[in-house]
Amino acid sequence: MKTYLIKLRIPISVTLLIAGLAWIWFSRIPVESSPATPIKAAQVGFLAPDFTLNSLESQDIGLEYIKGKPIILNFWASWCPPCKAEMPAFQETFQEYGESDLQIIAINATNQDSLTEVTQFIKEYGITFPIPLDLTGTVSADYQVHSLPTTFFIDKSGVIKEILIGGPIPLSLLRIQASQLLAE
Amino acid sequence: MFPIISLGPLSLPAPAFILIIGYLAGSFLLDKKAKSFSIDSKIIDRALWIGTIFAFIGARLSYIAGFPAAFKGNLISIFSLNPALLDPVGGLLIGIGAVFLVISKQNTNYWAFLDSLTPLLGSLFPAYFLSRFASGNGYGVITDLPWGIHMWGAIRHPVQLYLAIFSLFPLIVILSYAPIKNLPTGSTFLLFAITTSGYILLISAFQEPLSTQISGYRIDQIISWLFLLSTLVFFNLRINSAEIKERNEA
């Protein structure tokens, strides 16, 4: 059997390659096809789930208010050491890209934090970008945030391009992601 | 999809956990099978360790080379522990280069070395596909088949499970039959690579395409086909050279 297969190896190889090419052609995606309704899910390639939350100043913050703009969406809590470590980089990116369309939003997982701690944290780190409060944890659940910090990079059409679980995210990485989002 | 494994108060990231289990099982099988490939397992271990270290350093350097401006005034980022600052392709190439340097210094046959790696690779592939299933990455296209699974807002082909199941076959064959008698060295590795590129080419058709397509043709299928082509060419060349050698000796 083995000798037989070895003798026929060239025709077998050619058949495999032709079958492979035929399969690639057969399983190609029709160019005109597009998904009927874009699905919203917390995964790369899908539309980012909508949300509307209040900030400490009772201001409404949500995706619908910043449509058409690239977004860096971070989930954090004041007790989480990598969140503390990466916050200055987010603030610096916010200042560096202040004149561009880039939006930075850092949702506080308030359901597992305290408002006093959050207020103190914002003061201590001099944060000037929007901090919505996820009081019930619904938005964290929609975004399937299992560990803090988690950061989503969303392009101007609202599609999630990258998800980074854990941290701290260095400034250089935020700069790269910001430039890529703005270039699209 | 099960991103977290909860063991009492302990929460483990399932994808990483599965990959570690796959690596440990593969290392065990590699040590067990090394003798049958007539190679010292210590040489393989040394080469793999050096390769891994070089791969990590290379991946970081390659990433920095791609975006030098982002590191200006923030050189500390170079030493960040964040894995997102790694270029996997650059790291893989540098790691492979380092492994081959170590192997050539040890005067070890490249093909025998590649053969001896197959139990490790055979174990890593199912672990990799299962870890993607756990993380929810690499999901399938929408289907109405009864075995479809609910994932990312639709019923989809459990493509990661298809890949994990298919990837078990080469592993079982390696553990049962490798090294294959009457075939030249390198055949175990090449047959493993042929089978792997074959099933990836087949099953990628059920994978949800993101931006990885050109005029409707999936890039992963094209890469798999090119890989299949090159491994088939190498396999035929190995057999031809063995036959010529045999004839000359006769």
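## Strand β4 of chain A

From β4(A), Q103(A), I105(A) and I107(A) point one way, while I104(A), A106(A) and N108(A) point the other way, and all are buried. A residue is called buried if 20 or more other C-beta atoms lie within 10 Å of its own, exposed if 12 or fewer do, and partly exposed in between, with the C-beta atoms placed from the backbone. In a regular strand the side chains alternate between the two faces of the sheet. The strand β4(A) covers residues 103-108, and because 6 of the 6 are buried, it is largely enclosed by the rest of the structure. Strands here are DSSP runs of E with at least two residues, helices are runs of H or I with at least four residues, and both are numbered from the N terminus.

This is a predicted model, in which local features need pLDDT of at least 70 and side-chain atom pairs count only at pLDDT 80 or more, whereas totals for chains, interfaces and linings use all residues. Residues are numbered from 1 along each chain as its sequence is written, and chains are lettered from A and ligands numbered from 1 in the order in which they are written.

## Strand pairing in chain A

Strand β3(A), residues 71-76, pairs with β4(A) in the parallel sense over 6 bridges; two strands pair if DSSP finds at least two bridges between them. In this pairing F75(A) stands opposite I107(A) of β4(A). β3(A) also pairs with β6(A), here in the antiparallel sense and over 5 bridges. The bridge partner of F75(A) in β6(A) is T150(A).

Strand β6(A) spans residues 150-154, and since 5 of the 5 are buried, it is largely enclosed by the rest of the structure. T150(A), F152(A) and I154(A) point one way from β6(A), T151(A) and F153(A) the other way, and all are buried. β6(A) is joined to β7(A), residues 160-165, by 5 bridges, and the two strands run antiparallel. Within β7(A), I163(A) is the bridge partner of F152(A). The two strands form a hairpin with 5 residues between them, and G158(A) in the turn has a positive phi of about 90°.

Q120(A) is part of helix α4(A), residues 115-125. This residue counts as exposed because it has 12 C-beta neighbours inside 10 Å. Q120(A) and S78(A) are 42 residues apart in sequence, and their C-alpha atoms are 9.0 Å apart in space.

## Contact between chains A and B

In chain A, 31 residues are in contact with 34 residues of chain B. Two residues are in contact if their C-beta atoms, placed from the backbone, lie within 7 Å. On the side of chain A that touches chain B, the elements giving two or more residues are α1 (2-7), α2 (9-26) and α6 (171-183) of chain A. Of these, α2(A) gives the most, with 9 residues. By class, this side of chain A has 19 nonpolar, 7 polar and 5 charged residues. Ala, Val, Leu, Ile, Met, Phe, Trp, Tyr, Cys and Pro count as nonpolar, Asp, Glu, Lys and Arg as charged, and the others, Gly among them, as polar.

Two packed helices are described by the angle between their axes and the distance between the axes. Helix α2(A) packs against α7(B), residues 219-249, at an angle of about 175°, with the axes 10 Å apart. The axes are lines fitted to C-alpha atoms, for helices over the stretch in contact, and angles run from 0 to 180 degrees between N-to-C directions. The two helices α2(A) and α7(B) are therefore roughly antiparallel to each other. Angles over 145 degrees count as roughly antiparallel, under 35 as roughly parallel, 65 to 115 as roughly perpendicular and the rest as oblique. Residues making the contact include I10(A), L17(A) and I24(A) of α2(A) and W225(B), L232(B) and I239(B) of α7(B). The contact of α2(A) with α7(B) comprises 11 nonpolar, 4 polar and 1 charged residues.

## Chain B

Chain B contains 7 helices and 6 strands, arranged along the sequence as β-β-α-α-α-α-β-β-α-α-β-β-α. Of its 250 residues, 36% count as buried.

Within chain B, α5(B), residues 159-177, and α6(B), residues 187-203, pack at an angle of about 160°, with their axes 10 Å apart. That makes α5(B) roughly antiparallel to α6(B). Among the residues that meet are F166(B) and F169(B) in α5(B) and F192(B) and Y199(B) in α6(B). The contact of α5(B) with α6(B) has 10 nonpolar, 3 polar and no charged residues.
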